[in-house]
Amino acid sequence: MTQYSANQASKPITENDEELERLFEEASPVVLALAAVHMSGSMDIIRNGPKTSLPTYNGDIYGSLSQEDGDALRAKALEIAKAWRDAGHPEPYRPSEDEVHKMLCFLLGFDLPREYQPMIREDMALDAVDARTFEWTREVGEEAKLRHPVAIIGAGMSGMLIGLRLKQAGIPFTILERHDSVGGTWFENRYPGLRVDVPSHSYSFSFVQDYRWSHLYSYQGELLEYFRKCRDRFGIGEHIRYGVTVKGADWNEAERRWDVAIETSDGARETVEARSLVSACGFFNKTHTPDFAGKESFKGIQFHSGEWRDDVSLEGKRVAIIGNAATTLQMVPPVSEIASQLTVYQRSPSWTSVNPDYDRPIHDGEQWAFEHLPYFAGWMRAAVFNWTLDLPPLHMMVDPDWPQDGRAVSAANEAVRQRNTAQYEKWLGDRPDLLEKLLPKYPPFVKRPTVSHGNFFEAVKRDNVEVVTDAIARITENGIVDETGTERTFDIIVYATGYKVQEYITPMKIRGRGGVEINEFWQDRPGGYLGCVVPHFPNFYMMYGPGTNLGYNGNLIFNSELQARYIAYCIRLSIENGQEALEVREKVYDDYMDRSTEKLKQFVWSTDFGTTYFRNSAGMVTTNSPWSMLEMWTWLKEPDPDDFVGADDMAEA
Ligand SMILES: Cc1cc2nc3c(=O)[nH]c(=O)nc-3n(C[C@H](O)[C@H](O)[C@H](O)COP(=O)(O)OP(=O)(O)OC[C@H]3O[C@@H](n4cnc5c(N)ncnc54)[C@H](O)[C@@H]3O)c2cc1C
């Protein structure tokens with residue numbers, strides 16, 4: 001098995017007792033206790049330990065323990081670490097399956113269903129640095145691999161992942177990337193305040209757990225650096241062609257390959273031939289700017305938040321931000337501190353949950369523990385993944401017996417409304433005008449929820465910040481006129497108006513068997529079997545395509561790791577069986593799509609209680625996956641050969 005990185009702690013403890021005590025103070029007692037099991041070889045610390053309970057917010061790693069219980073647990077773990085150090089760091093204990101299950105239940109604060117254990121164990125890298133590494137099932141000659149070159153569209157984290165798997169397999173591949181960097185989203189977006197909303201120790205590759213994040217929720221610059229370092233560590237860079245835009249691709253039936261049309265940065269056109277084609281072109285990479293009347297007449301500077309102008313200073317300027325979703329929530333605090341005036345034009349507010357740890361740095365003691373305590377990193381990863389969210393998401397599902405009054409869709413959804421409302425009242429209670437504007441009237445989760453540590457609420461209360469809820473009538477040469485006729489003047493207008501998420505693959509034209517174009521094939525119902533494969537498009541694979549965005553659970557790197565493994569194993573299936581082309585059976589695809597559509601109808605996203613980018617113009621939820629991570633992990637382990645037909649049988653598929 002290829003071992004690329006040392007995932008877990010490898011440094012000996014050289015600190016004295018006092019130093020150790022100080023370091024332990026800064027780490028979660030629950031995660032320390034689990035590392036202590038590996039150091040002591042005994043489950044006593046858990047067996048005799050306090051009872052943990054469910055996390056109270058995403059990234060809560062403290063098992064909801066009282067201060068007293070946490071301190072006592074930490075003290076026991078400290079004694080174990082000292083003994084382990086004094087004994088000369090004997091080989092860490094490998095707990096049995098049963099023990100790992102008990103450890104997970106202790107960590108997560110609930111009785112985790114047993115079937116979750118292998119998946120979490122794999123993701124924690126408890127047994128292997130890279131448990132999802134590519135493996136052949138039979139001997140394959142170099143010639144067969146060379147006959148299967150793969151083209152990958154995009155060098156975001158998804159493109160890098162499938163590239164890595166193919167590299168491990170020895171299958172030739174080229175990543176075609178329009179920019180001059182890896183990182184995708186985290187390269188393209190640079191607006192102030194941009195950071196992840198899932199903890200970094202889970203929003204990262206499972207096989208690279210030795211990166212020292214500065215914050216629990218890291219900022220864009222650090223994410224970009226992470227992806228660049230991973231590119232270099234795994235030798236992906238030499239397979240990337242930068243400055244190359246894929247315009248489209250045609251399935252060449254005679255040659256059983258894709259002819260990929262590209263344009264280089266100097267405007268030259270070229271065709272790249274590939275046996276398989278993987279689209280890793282992303283989801284949020286076509287900005288959407290509404291066509292306001294008079295937009296062109298504005299004499300100041302205007303741009304979309306996704307096309308940030310590094311050459312434009314906001315210092316002392318009158319700034320308008322149009323839109324009030326996740327981007328605005330992140331942008332308002334830093335921009336309000338430098339702009340002379342900041343006006344947010346809001347069409348509808350977003351539900352925001354307050355997470356006290358959203359801005360917390362990773363403490364020195366934690367950084368130290370990652371490097372010195374066995375499996376601390378893996379347990380931390382499992383803790384911040386928030387696996388409880390993968391259980392049936394009742395808070396997002398419509399209860400037909402609940403009165404559908406447009407406020408909530410079920411008792412669990414109403415409970416979230418009340419919890420979040422209490423936070424809004426806490427932060428904005430002294431500003432009833434803002435509370436009225438910012439507290440959503442529609443049920444939680446109709447739109448993508450946002451997260452803050454409270455700084456957004458603080459920022460909107462500043463004297464230089466205004467929230468306007470009157471619709472925009474037009475843009476003038478000096479500023480914006482709203483529907484009441486009020487004109488406000490601005491130096492800069494920032495459009496935080498989202499992305500064209502419904503336009504998958506476009507503007508590329510992907511034409512499969514018989515010349516059918518993929519968007520014409522999909523019409524109002526884009527998707528892929530398991531999110532990855534589409535009938536009539538042999539050897540064409542999608543990562544983070546339609547129907548795979550996560551609406552309630554997991555994170556997208558985990559999702560892409562599963563898709564990369566599945567796609568790499570589809571290609572393996574072709575090569576090992578001597579098939580030049582492979583295509584999913586139409587019936588298999590149709591069944592999956594029907595099941596997904598039915599399941600999606602149960603979610604709050606399908607109601608029309610508010611506008612949301614999850615739904616297309618036909619009212620169908622096309623962006624989100626209705627499935628649990630456990631289901632996807634199970635289905636995406638490897639392709640079922642019966643789901644596919646080979647090149648010779650495609651016409652009958
Ligand atoms: C502002 C913002 C914040 C986000 N925050 C979070 C978050 O907190 N948590 C989370 O889980 N997810 C978040 N996401 C989603 C994020 O997009 C994914 O997590 C992840 O980055 C997707 O990676 P990807 O490689 O699939 O796609 P991308 O990162 O979008 O990469 C796609 C790549 O394909 C290239 N490409 C596209 N078309 C072509 C073409 N025709 N020719 C050549 N190259 C092409 C692009 O240039 C890009 O490099 C956020 C997205 C945005 C926009």
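How far apart do the C-alpha centres of domain 1 and domain 3 lie? I looked this up first: 39 Å. I am working on a predicted model, where local features need pLDDT of at least 70, side-chain atom pairs count only at pLDDT 80 or more, and totals for chains, interfaces and linings use all residues. Residues are numbered from 1 along each chain as its sequence is written.

**Domains.** I noted domain 1 as 17-132 + 364-390, domain 2 as 142-286 + 501-644 and domain 3 as 295-357 + 406-495. These bounds come from an automatic or database domain assignment.

**Ligand shell.** I found 34 residues around the ligand, with G154, G156, S158, G184 and G282 coming nearest; near means a C-beta atom, placed from the backbone, within 6 Å. Two or more residues each come from α8 (157-169), β4 (244-252) and α18 (556-576). Here helices are DSSP runs of H or I with at least four residues, strands are E runs of at least two, and both are numbered from the N terminus. α8 gives the most, three residues.

**Helix pair.** Next I checked α6 (residues 117-124) against α13 (residues 376-384): their axes come within 9 Å and cross at roughly 125 degrees. Axes are lines fitted to C-alpha atoms over the stretch in contact, with angles from 0 to 180 degrees between N-to-C directions. That makes α6 oblique to α13, oblique being whatever is left after under 35 (roughly parallel), over 145 (roughly antiparallel) and 65 to 115 degrees (roughly perpendicular). I see I120, D123 and M124 of α6 meeting G378, W379, R381 and A382 of α13, with contact set at C-beta atoms, placed from the backbone, within 7 Å.

Technical notes:
Two residues are in contact if their C-beta atoms, placed from the backbone, lie within 7 Å.
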